[in-house]
Amino acid sequence: MEKLINDFSFGLFFWQILLFVLLLLLLRRFAWKPILNAVNEREDGIKNALAAAEEAKKEMQNVTADSEKLLKEARAERETLLKEAREIKEKMIADSKEQARLEGDKMLKQAQAAIESEKKAAVAEMKAQVATLSVDIAEKVIKEQLSDKDKQLKLVEDMLGDIKLS
Amino acid sequence: MHKTYLVKTLLAGFLLISGFLAAQEVEHHDEASHEGSEAALEEEIKEDIDHHIQDSHSFTFFSDTETGKHYGFPLPVILWDNGLQVFSSSKFHHGETVAEHNGNYYKLYHSKVYKTDAEGTINYDDDHHATNEKPLDFSITKNVLMMFVTGLLMFLLFAGLAKSFGKGPIAKGVGRFFEPIVLYIRDDIARPNIGPKYKRFMPYLLTVFFFIWFLNLFGLTPLGVNVTGNIAVTFALALITFVITQFSGNKNYWKHIFWMPGVPTPMKFVLAPIELLGVFIKPFALMIRLYANIMAGHVVLMSIIALVFTVQNWIGGGLSLVLAFFLSIIELLVAALQAYIFTLLSALYFGFAVEEHDEHH
């Protein structure tokens, strides 16, 4: 301790205080303030830039989400459109089938009706012809048979026998 | 340290001496002279270390002990002795002669200036202390010069850094290397320890950190300066921390010293003197810590290097050189560490002084 006190140099102490305070004031004015301000400014800048980047990222996400939504909507629309088209197609097919069926039925009926009427006409004609033929045949037969008196009588008799009085 | 320069001169000297001694015919004569030179060597080493640790009135890079020549340059001596007395330290001839200036005679004794008579008589008391009158010595000594150099270096460096910041957000040049350190002091020393009011202490913390660190590093160069290992320097630095702390102290700080809240009243009376003592002990510890660490580092390092000459064999000498090398690396770490601790503790004390809330006891 005694050596310490003995070693203590007042001059050195004086210069140290003087120099240090001077250095402190000079550096504060010309170095530390500008440096710290610049660093703070830079940090603020970085902070702002980061915030802006974050904002941009969010916006980007929003845009992506939007486009995705649009895409989804478009897809859904396409789907519905396709579905509708399919339905229309099916309906059209079904409709035309139905129509064809109906038409066919109608034609068939018409044909049947025509056939029926033709048939009727043919039958009627046939009947008429048969009647004529049978009358002719009967005329001839009768002419043949009536050439003989007996036979004529017999026939009358037979015929009378056939008619049952009811 | 000028020890490394001394190494070469001494090594050459030893080779010469041992070669000369080996050629001697009488063996015991050789032994005796060898032992004598060894004792002289030890004395010289001790003197050299003492000399290195102390401040000096001239800047000596190295000395040739054989011719008694000193290589360096003199520094101005400024004394307050019935008026300002300014003269060159070359007049002292490294303490060998009495310097005469304006009819007054001064002599260097243990690196201190004493007023003497024309013959340079130094009177001693019973404890072998000089009793001569000591004029107030404001000389630009080696340490003062190094402080000037460091201050200039710091100013150029950091004004340059500030200037490069003026041109854009990214610093350029040498100052750029120190920018992370500036940020470190702000973010890891000032902010956590002082709190929101850290800004007004930043200039002091930055200045004191770089000042101590640079001077510590200068102490490790072969220039042979030991500024931060000088009690006057560390006392001045600790005093500034002390003054700033006391002048920044708010109501809360003084209340914690004189009327500790949250303890029973009798305890307040007991705590007040202890706390008051603590106010002075804190900067005192700062002063002693820095001084002792740097001083001890220099002494140990120089002693290890000096071992090369006292051991005088290849194995021991080599080992002590290796040891000195690793110690130098540790000293580099200590240089930064002590600057860091001084700054950190200063910040901590400022933090106590400006603390607002009452939770802390």
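**Figure 1. Residue pairing within the sheet of chain B.** Trp80(B) stands opposite Leu136(B), a residue of strand E8(B). The model shown here and in the following views is predicted. Strand E3 of chain B, which spans residues 76-80, pairs with E8(B) in the antiparallel sense, and two bridges join them. The sheet to which these strands belong is open and has three strands, in the order E4-E3-E8 (chain B). Its pairing is antiparallel. Strand E4 (84-88) and strand E8 (136-137) of chain B stand at the edges, each with a single partner strand, so one side of each has no neighbour in the sheet.

**Figure 2. Domain division of chain B.** Chain B is divided into two parts, domain 1 covering 76-139 and domain 2 covering 143-354. Between the C-alpha centres of domain 1 of chain B and domain 2 of chain B the separation is 33 Å.

**Figure 3. Packing of helices H8 and H9 of chain B.** Helix H8 of chain B comprises residues 265-311, and helix H9 of chain B comprises residues 314-354. The two helices pack at an angle of about 170°, and their axes lie 9 Å apart. Because of this angle, H8(B) is roughly antiparallel to H9(B). In the contact of H8(B) with H9(B), 19 residues are nonpolar, seven are polar and three are charged.

**Figure 4. The contact between chain A and chain B.** Chain A contributes 29 residues to the contact, and chain B contributes 35 residues. On the side of chain A that touches chain B, the elements that give two or more residues are helix H1 (2-7) and helix H2 (10-145) of chain A. H2(A) provides the largest share of this side, with 25 residues. By residue class, the side of chain A that touches chain B divides into 22 nonpolar, four polar and three charged residues.

**Figure 5. Secondary structure and dimensions of chain A.** Chain A has three helices and zero strands. Read from the N terminus, its elements follow the order α-α-α. The radius of gyration of chain A is 65 Å, whereas a compact globule of 166 residues would have a value near 15 Å. Along the principal axes, the C-alpha atoms of chain A fill a box of roughly 200 × 35 × 25 Å.

Definitions and conventions: Residues numbered from 1 in each chain as written. Chains lettered and ligands numbered in written order. Predicted model: local features only at pLDDT ≥ 70, side-chain atom pairs only at ≥ 80, totals over all residues. Pairing = 2+ DSSP bridges. Helix = DSSP H or I, 4+ residues; strand = E, 2+ residues; numbered from the N terminus. Domains from an automatic or database assignment. Axes fitted to C-alpha atoms, helices over the stretch in contact; angles between N-to-C directions. Parallel < 35°, antiparallel > 145°, perpendicular 65-115°, else oblique. Nonpolar A, V, L, I, M, F, W, Y, C, P; charged D, E, K, R; others polar. Contact = placed C-beta atoms within 7 Å. Rg over C-alpha atoms; globule rule 2.2 N^0.38 Å.
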